[in-house]
Amino acid sequence: MEKVRVGVVGVGWPGQRHIEAYRKLDGVEVVALADLNTELVESVRSEFGLEAQIYEDHEQLIRSSAVDAVSICTPNHFHAPMAIGALELGKHVLLEKPLANTVEEGRRIADTVASSETVFMMAFNNRYRPDSRLLKAQIDAGVLGELYYAKAGWLRREWNPIVRGWFTTREMSGGGPLIDLGVHMLDLSLWFMGNPRPVSVSGSVYSKFGERMRPQIGHVDVEDLAAALIKLDNGSTIAMDVSWFSFIEHSDYVYTHLFGTEGGAKLERVPGSNDLQIYTDGDGMPLVQSPAYAAHRDPAYLLQGGFEGETAHFVECIRSGTKPEATVTHGLDVLLILDAIYRSAETGREVVLKEAAPALPADVDSEADGVVEASEESFPASDPPAW
């Protein structure tokens, strides 16, 4: 394939990051855009200097013979029909997280991927940040030994309603920061730990600040903080907390702490600062300090680096015919955990995820045989909607 011709469906904030990243790749051209917001899509085409065909109907875009691959960057309730439609038409698909609106829809995508000969990849961009890649290389080299515990979170002091629209209405979104931010932290932790499978989940959600948020936002009936404990099939554990509104030191605090048998690691970011340290002795002296990646500490660089890395990997998989790092199974596991957290919070009990091998074709992902059960309640997309 001499040139990879890409169509982007949904040109809000995440879609624009995909466009930026594709434009930096040799032999890749963004040839089509689709969005219901005609004013926005025209503006995006002009801003990025594209000669792309504009479609108001995404089906026209995915049916176009001029498009080889599709980035789907819409709210999650569009994910399943769009991804399945594109795969069935032989298009390669890079799908923004979460995988789908429900577990049932996620399974349908997985079934379609299993019978497709094209590339399907989850857009878990935090895996491709330069700091994340540096830490993962150290983990894969055995510096930390066996990872048995991770503590991760994304906490915000105050909700920013800009371009968020329907996110705070449960009927339209189904949930709050757990989906908006928790998706990232779950995938990143699981990836660092080698993608073990979830076996049980205990979760809590809190809605304490709706009255404070309503004057700025309007209607609010979703949680503002969620916390969970996830046990995995290799005996390891993840503890996670996320919030849109909480009394914390920084306005935005993102962290992953890893505990291994040979060392530990801290990956943190706050506004204007990013930090990565790896510890391998009892005195806590860092093996890897911030100067080790001083050239990559600019927050904007690290953010866009994630999108550039994921799109570059997606295109390379298309050209080489290889399986992407971020598979449909990884997307489905995160989806199952999110669903289980909400169910655990509702019932006040741990949710045990049981194996159900027929639910996921074995050839979807060789890392695992089967998948786990979950209910089919819906919840929202994790990025500002353009649709």
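Tutor: A nonpolar core is a set of buried Ala, Val, Leu, Ile, Met, Phe, Trp, Tyr and Cys residues joined through side-chain atoms within 4.5 Å. In this predicted model, the largest such core has 104 residues, and Y22, L99, I109 and F120 have the most contacts inside it.

Student: Which helix gives the largest share of this core?

Tutor: Helix 12 (residues 328-347) does, with 10 residues.

Student: What is Y22 in contact with, leaving aside its neighbours within four places in sequence?

Tutor: Y22 is in contact with V6, V8, V28, V30, S71, L94, T311, F314 and V315. Of these, S71 stands opposite L94 in strand 5.

Student: What makes strand 4 and strand 5 a pair?

Tutor: Pairing requires at least two bridges; strand 4 (residues 69-72) and strand 5 (residues 92-96) have 4 bridges, in the parallel sense. They belong to an open sheet of 6 strands in the order 3-2-1-4-5-6, with parallel pairing.

Student: Why do strand 3 and strand 6 stand at the edges?

Tutor: Strand 3 (53-55) and strand 6 (120-123) each have a single partner strand, so one side of each lacks a neighbour in the sheet.

Student: Why is helix 4 called roughly parallel to helix 5?

Tutor: The axes of helix 4 (residues 79-88) and helix 5 (residues 103-114) cross at roughly 10° and come within 10 Å. Angles under 35 degrees count as roughly parallel, so helix 4 is roughly parallel to helix 5. The residues of their contact divide into 6 nonpolar, 2 polar and 3 charged.

Key. Residues are numbered from 1 along each chain as its sequence is written. This is a predicted model: local features need pLDDT of at least 70, side-chain atom pairs count only at pLDDT 80 or more; totals for chains, interfaces and linings use all residues. Side-chain values use heavy atoms; hydrogens and water are left out. Axes are lines fitted to C-alpha atoms, for helices over the stretch in contact, and angles run from 0 to 180 degrees between N-to-C directions. Helices (H or I, at least four residues) and strands (E, at least two) are DSSP runs, numbered from the N terminus. Angles under 35 degrees count as roughly parallel, over 145 as roughly antiparallel, 65 to 115 as roughly perpendicular and the rest as oblique. Ala, Val, Leu, Ile, Met, Phe, Trp, Tyr, Cys and Pro count as nonpolar, Asp, Glu, Lys and Arg as charged, and the others, Gly among them, as polar. Buried means under 20% relative accessible area, exposed over 50%, partly exposed in between (1.4 Å probe, protein chains only). Contact means heavy atoms within 4.5 Å.
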